[in-house]
Each structure stands twice: as C-alpha cells, then as structure tokens.
Amino acid sequence: MKEISCKLLVIGAGPGGYVCAIRAGQLGVDTVIVEAGKPGGTCLNVGCIPSKALIHAAEAFEKVAHMAGGKSPLGISVGAPKLDLTRTVAWKDGIVSRLNSGVAGLLKKAKVKTVHGWATFRDGKTVEVETETGTQVIRAEAVVIATGSAPVELPFLPFGGPVISSTEALALGEVPKKLAVVGGGYIGLELGIAFAKMGAEVTVVEALPRVLAQYDAELTRPVVKRLAELGIEVMTGAKAKGLSTKGDALLVETSDGKNAKIGADKILVTVGRKPVTEGWGLEQIDLDMSGKFIRIDDQCRSSMRGIFAIGDVTGEPMLAHRAMAQGEMVAEIVAGHKRSWDKRAIPAICFTDPELLTAGLSPEEAKAVGGEIKIGLFPFAANGRAMTKLGEDGFVRVVARADNHLVLGIQAVGQGVSELSAAFGLALEMGARLEDIAGTIHAHPTQGEGFQEAALKALGHALHI
Ligand code: FAD
C-alpha cells in the first residue's frame, strides 16, 4: 500500500474541485486531487458543455429547416437539411475531450498531483483511493469534498432500456421519434427543445402547475409560447406513473385524474439531481447534514475541523459557477487568506429557447425582504438589434429599492440573453444603483441596451418605449 501526505486533498475534479486545486496550486499549497472519472466532472463530461453543444446543433438544424420550408422572412431558401446525430455527438465528444485535456494540463501546470480512482475516508485526515495499480493512502491537513451530484431516479421508472437520464440523452445514436420528458425544469426543457428542433415529437410531463416553476410566470411566458410553436406538448399537473408493459409508452395520471398513455421510444427523466454522499465513507466522518446535503458555513467549512465541502454536494443552486467560486474561495482560505462567501450575485441561466436569465432577487423575493421596490421592464420588441435577429419575444427587467435605487435583481428572457449575465452579475456585485446602469453608455445596436432602458424605465424616463 502506497502512502502520500499533502497539505490539501480535493475529492472530485468537477468545476468545484478542479478550480479549488488549481487555485491552491497557484498559491503554493501542496495539493492532491482524486477523481474517479474524467477531469471536469458532470459539467464538462455530461452536463453544461455537452448539452450546450447539442443545443447549438439543434438550433442550427431548426434554422435551416425553417428556411427549407420557405418560411424564413430573411428571404433565404435552401434544400431540406439532414441530421446525422452520430456525427453531432462525435463533434460534441471532441469538444469534451479537448477540454478534459485542458483541465488535466491546468492541474499539472499548477503542480497539483492527480490520483485516478475512487476515494473513501478512513478518518477525517486520511483517505484511501482504489487506483488501477492498488490502494493509495493519502493523508492531508485539509480535505475538500467536491463529489458533486447524480440524476435522481424514480423508483417506478428506473433508468435502463427506454428510460434514460440526461447523461444517455447526450449520447444517443439517433433522434428519438417520440420523446417523453418527465420533469419540466431547466435540464428537461433544454434537452426537450433541442430534440424537438431535431425532429422528435416531444411531450413534457410536469407535476407542478407550470414548467420552470421556480421562476415567475411573466418571465417564463415567452418560453412557454415557444414550446407551443415547436409543437412540444406540455402536460402540467400530470404525474408520471410508470412504463407500459410493452415498454413503448409512458403511463401518466393527468391533472383531471385520468390515466393517459404517451407513446415514446425514449423517456427522459429529469426530475432533479441528488448530492453524491454515499460510497465515500461519510459514515466514517459523521458530518452534520442539511437535509440530504452537507451542511456548510459561509466559508464552506463542514462540521468537522479541516473538512470543507463545495459545489452540488452542498445544496442549491446546483450550478457550475457556484461550485467554481466556492472552490476558489476555499483554496485561498487554506492558503491563509481571509475570505467568506456572498451568494448575492450568482446568475442562473436556462439555455431554453428563448434563454432565461436571473441574477439576484425576483420582484416577489425583493418585496418579501421588505420595503418599497421599483421595477423597470423593457421589451425586446422595442429593441432594434433583437428585431434584426428575429428575437423580439422577451424583455429585461430590473428590480431596485424605491428609496435609494439600489439594484436588487435583474432578469431577462430572450434570444441570446445568457451573454448579459456578466453585466447583470457585475451590476449586483458592485452595488449599482439604477442611475449607474442608466448612465452607462451601452453600444448600439445591442440587446444590452435593453438593460439600460429597463433601468431608465424604473426611473420613469425610458427613451425607446
Ligand atoms: P461534479 O461536476 O458533479 O463533479 C464531481 C466529481 O467528483 C465527478 O467527476 C465524480 O466522478 C467525482 N467523484 C465523486 N465522488 C468521488 C470519490 N469518492 N472519489 C473520486 N472521485 C469522486 N450548470 C451550470 O452552471 N450551467 C449549465 O449550463 C449547466 N447545465 C447542465 C446540464 C446538465 C445536463 C446537467 C446534468 C447539469 C448541468 N449543470 C449546469 C450543473 C453542473 O453540471 C453542476 O452544478 C456542476 O457540475 C457541479 O460541480 P461539482 O464540482 O460540485 O460536481
């Protein structure tokens, strides 16, 4: 049995773990990272990056198909497009593999030692890793748990055969003719929309009264409208019950209590993700939990001295950039810097069509905090750039305190609004007031002007509406 010692041991090389290890290495901390799979974790291998590749390919295909149908107002017509999903998936795999090597290279450059295998705690300072060449024991002064999350499986729809998770959906050999999506959250809708654009007949089954239920109805309306345009059937208030005996249909109880059968050659279950808290010896270290997640404080410290936890294993929002920010902070704390965590400005994006973006507080949340608020909403229908992109559906909305105009939250829905997330995050992080946004010269013609106009609108003097 081989043994090594280090100052910092990171378990899991997802966006949380690998960023933590790189930053620690940059600061001269003697760091080891353990990963059972490929560098980059869920996000890079079966999450953010592959899903966005597929979404991009689907968008391109749908645009060309629209032109081929002679419906494009741009005056472009082409022949009917063909899609070879195996080539699309190979292209996506190529991007993932380049980024895998990139992460491995960055770890090496930061002088981080990578151990490949599954880690299990022996005690709070010692971990055993089953590697290809035998058991490796690693002793560390500080340990970061960054074990991430996995898809939730429904007991009456176990994964296997036609029932798939997002992981399998990203690697299909052909577009399903009929796809049933169980769960109308962001992952289900992103993938459902992509497959609908690639030609699948898609039905989304959602138990709650609305899809994307964590966002307000005003914000999700353009997405719901687009789902209908794409021919996606959305069954809300409906419960998936199981697979038909022949395995060719999803059994559903509709909102009015009737039984329905939705013919499907694939059933994609996207009902959430669960933290990976089993199989690595949580019982050996007996950490305090917060529900199913590891409880952490505002420095990502767990209840046991010297053990930190970051990313999806610590709770919502389960997003890559949150995990990365936590990872960077923890590395700096281990290196002796003073840091703490402020989650005020974590943007969240649904890469649906159109895209949906939020940062900070929604109008309802801002009202709940107390005090009067001002809201400014600017529709993309009044934005020249959006018109030139056939993207008039949607808006930017700014929420601010009425007394001192401090911006509390910003939301947008529309084509390509994900790229506004940096501006929204910066405004919140810098404590911008409505006047700061209104007084910033925004380049013309851009959708970003909608941000400035929404701030102007909240101040009562929008220029273009
Ligand atoms: P993970 O990325 O889950 O990484 C954990 C790593 O730890 C894994 O590689 C695992 O193999 C390893 N591991 C676990 N236990 C052990 C052990 N005992 N020993 C060794 N290794 C271990 N987020 C966004 O911000 N934007 C998006 O657009 C987005 N899209 C998504 C799309 C899909 C389809 C999915 C599924 C997720 C998406 N997410 C997105 C969420 C994002 O992927 C996660 O929030 C992020 O990956 C969490 O990072 P993490 O470091 O906490 O864990």
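Biologist: Which residues does the domain assignment give to domain 1, domain 2 and domain 3 of the chain?

Modeller: In this predicted model, domain 1 is assigned in three stretches, 2–46, 89–151 and 274–335, while domain 2 covers 163–271 and domain 3 covers 348–457. The C-alpha centres of domain 1 and domain 2 are 33 Å apart.

Biologist: What does the UniProt record place on the chain, and over which residues?

Modeller: An unreviewed UniProt entry carries the annotation "domain: FAD/NAD(P)-binding" over residues 7–327, and over that range the chain is 33% helix and 27% strand, with the end C-alpha atoms 16 Å apart. The record also places "domain: Pyridine nucleotide-disulphide oxidoreductase dimerisation", again from an unreviewed entry, at residues 346–455, where the chain is 30% helix and 28% strand and the end C-alpha atoms are 20 Å apart.

Biologist: How should I read the open sheet of five strands, and in what order do they lie?

Modeller: The general idea is that strands of a sheet pair through backbone hydrogen bonds, in either a parallel or an antiparallel sense. Here the order is 8-15-9-10-11, with parallel pairing. Strand 8 (163–164) and strand 11 (233–236) each have a single partner strand and stand at the edges, so one side of each is left without a neighbour in the sheet.

Biologist: How many bridges join strand 9 and strand 10, and what packs on the sheet?

Modeller: Strand 9, residues 178–182, pairs with strand 10, residues 201–206, in the parallel sense over five bridges, and lysine 178 stands opposite glutamate 201 in strand 10. Helix 6 (residues 186–197) packs on this sheet, where it touches strand 9, strand 10 and strand 15 (266–269), and the direction of helix 6 makes about 165 degrees with that of strand 10.

Biologist: Is the pairing of strand 4 and strand 5 parallel or antiparallel?

Modeller: Strand 4 (118–123) and strand 5 (residues 126–131) pair in the antiparallel sense over five bridges, with tryptophan 118 opposite glutamate 130 in strand 5. The two strands are joined by a hairpin through two residues.

Biologist: Which residues come nearest to the ligand, and which elements supply the shell around the ligand?

Modeller: Of the 35 residues around the ligand, Gly12, Gly14, Gly41, Gly148 and Gly311 come nearest. At least two residues of the shell come from each of helix 1 (15–26), strand 2 (31–35), helix 2 (41–46), helix 3 (48–68), strand 4 and helix 9 (320–334). By class, the shell has 18 nonpolar, 15 polar and two charged residues.

Methods. Residues numbered from 1 in each chain as written. Predicted model: local features only at pLDDT ≥ 70, side-chain atom pairs only at ≥ 80, totals over all residues. Domains from an automatic or database assignment. Pairing = 2+ DSSP bridges. Helix = DSSP H or I, 4+ residues; strand = E, 2+ residues; numbered from the N terminus. Contact = placed C-beta atoms within 7 Å. Axes fitted to C-alpha atoms, helices over the stretch in contact; angles between N-to-C directions. Near = placed C-beta within 6 Å. Nonpolar A, V, L, I, M, F, W, Y, C, P; charged D, E, K, R; others polar. UniProt positions renumbered as here; feature names shortened; annotations may be inferred.
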